[in-house]
Amino acid sequence: MDKESSSVSKRPEVEPKTYKPRHVVLVAENGERYKVDVEDLCRFSSVFSEMVDMPFAPDDGEDAKEPIVQLTEDSGTIQFLVAFLQGRVCSPTLATTPFRVLEVWIAADKYNAPTLQSFLRVYTVAYWDILANDPVYLVHLADRAGWLDLAWKAARETLKIATDSVEQQVSSLKRKGMETHVASRLLELHESRRDSLVELTFKTFKVVILPDDLPSCVCGEVLSSAQIFNATASLAYLHHRIELRPLADFLWEPSFWAQDRFTGTCDNCHSGFWSSDAVVAVSDDSQLSESLATLFPFTISVM
Ligand SMILES: [Zn+2]
């Protein structure tokens, strides 16, 4: 960030009798006050620069009071602005959220402070792991700020949380300005991943289920009612887990498949009804492998 090089609009000559303040007090929505250097403020934003150029009435004496500028932003946002214009970086805390970054970005847009907007992108990338604790809002932030590459990266972060939780947050954010196409894209991503995963789970399942027919092993042996019950319950469990953890990294963990629920075998051919080998062998299926590669950049690279 080279703030020195940013252009400062030429200010008109100050009338000899007008008072030129050295400091200005910014007041947040809640009344908290922040005294800032006028030069810092003018370098930071052309809107403030023009505001400060207006002649202020001279106060009595040398110890004139600083002009007070009431702002509509909350104190968290003003603190970030003040830190930035003083050349400090607001170090991230647990309270650092995509919500805050977006509030600051909106303020930077309003006050025409492009250097702060560029900085916010750098900040977002630098503290990605902290901001990704709220991945749905992170998608909203990246989209609003026009960082399309980061919006896609953030969309994939949402696959670390349960799909129903994403759906709830998306519907609440749509009321707060999330674009409809962003919301749909996000939900489509989850849907498409779910479809691919469900398809994958059927590949691990060595039971044939045909309409109007009893479920049977691939060898033709009809399953007993207890086996049908267990297989159905295991399948439901599997799909429920996929809803809860859309990344479904557990599918590639051998211990997951070692659970009792996946160890049922056929009475006739003695082969297991579940084959985790099919998950590992997914790369042999070019179409499925391609759809998963788009959705599963992390998992595929491990395989
Ligand atoms: Zn069999």
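This is a predicted model: local features need pLDDT of at least 70, side-chain atom pairs count only at pLDDT 80 or more; totals for chains, interfaces and linings use all residues.
**A first look around the model**

Reader: How many bridges join β1 to β2?
Author: Strand β1 covers residues 23-27 and strand β2 covers residues 33-37. They run antiparallel, and V24 stands opposite V36 in β2. The number of bridges joining β1 to β2 is 5.

Reader: Which residue in the turn of that hairpin has a positive phi?
Author: β1 and β2 form the hairpin, with 5 residues between them. In the turn, a phi of about 95° belongs to G31.

Reader: And on the β3 side, do β1 and β3 pair in the parallel or the antiparallel sense?
Author: In general, strands of a sheet pair through backbone hydrogen bonds, and both senses can occur. Here V25 stands opposite I68 in β3. Over 3 bridges, the sense in which β1 and β3 pair is parallel.

Reader: Is E73 buried or exposed?
Author: E73 is in the loop between β3 and α3. Leaving out residues up to four places away in sequence, E73 touches A28, E29, I78, E103 and A107. E73 has 20 C-beta neighbours inside 10 Å, and 20 or more is the cut-off, so E73 counts as buried.

Reader: How far apart in space are E73 and I106?
Author: Along the sequence, E73 and I106 are 33 residues apart. Going from C-alpha to C-alpha, the distance in space is 9.8 Å.

Reader: Now the helices: how do the directions of α7 and α8 relate?
Author: Helix α7 is residues 135-144 and helix α8 is residues 148-157. Their axes come within 8 Å and cross at roughly 170°. An angle over 145 degrees falls in one class, so α7 and α8 are roughly antiparallel.

Reader: How many residues in the contact of α7 with α8 are nonpolar?
Author: From α7 come P135, L138, V139, A142 and D143, and they meet L150, A151, A154, A155 and E157 in α8. Of the residues in this contact, 2 are charged and none is polar. The nonpolar count is 8.

Reader: Where does N112 lie?
Author: N112 has a phi near 50°, a positive value in a residue other than glycine. With 15 C-beta neighbours inside 10 Å, N112 counts as partly exposed. Its place is the loop between α4 (98-110) and α5 (114-126).

Reader: H270 has a positive phi too; is H270 buried or exposed?
Author: The phi of H270 is near 65°, and H270 is not a glycine. You'll find H270 in the loop between α12 (254-257) and α13 (277-280). H270 has 9 C-beta neighbours inside 10 Å, and 12 or fewer is the cut-off, so H270 counts as exposed.

Reader: Which residues is L214 in contact with, leaving aside its neighbours within four places in sequence?
Author: L214 sits in the loop between β4 (207-208) and β5 (216-217). With 12 C-beta neighbours inside 10 Å, L214 counts as exposed. The C-alpha atoms of L214 and S224 are separated by 9.3 Å, though these residues are 10 apart along the chain. The contacts of L214 are V222 and L223.

Reader: Stepping back, what percentage of the residues in the protein chain is buried?
Author: The protein chain has 15 helices and 5 strands. Among contacts between residues at least 6 apart in sequence, 64% join residues at least 24 apart. Of the 303 residues, the buried share is 27%.

Reader: What pLDDT does the protein chain average?
Author: A score of at least 70 is reached by 80% of the residues. Over residues 1-8 the pLDDT is below 50, and that stretch has 10 contacts beyond near neighbours in sequence. Residues 297-303 are also below 50, with 6 such contacts. The average for the protein chain is a pLDDT of 81.

Conventions
Residues are numbered from 1 along each chain as its sequence is written. Two strands pair if DSSP finds at least two bridges between them. Helices (H or I, at least four residues) and strands (E, at least two) are DSSP runs, numbered from the N terminus. pLDDT is the predictor's confidence in each residue, from 0 to 100. Two residues are in contact if their C-beta atoms, placed from the backbone, lie within 7 Å. Axes are lines fitted to C-alpha atoms, for helices over the stretch in contact, and angles run from 0 to 180 degrees between N-to-C directions. Angles under 35 degrees count as roughly parallel, over 145 as roughly antiparallel, 65 to 115 as roughly perpendicular and the rest as oblique. Ala, Val, Leu, Ile, Met, Phe, Trp, Tyr, Cys and Pro count as nonpolar, Asp, Glu, Lys and Arg as charged, and the others, Gly among them, as polar.
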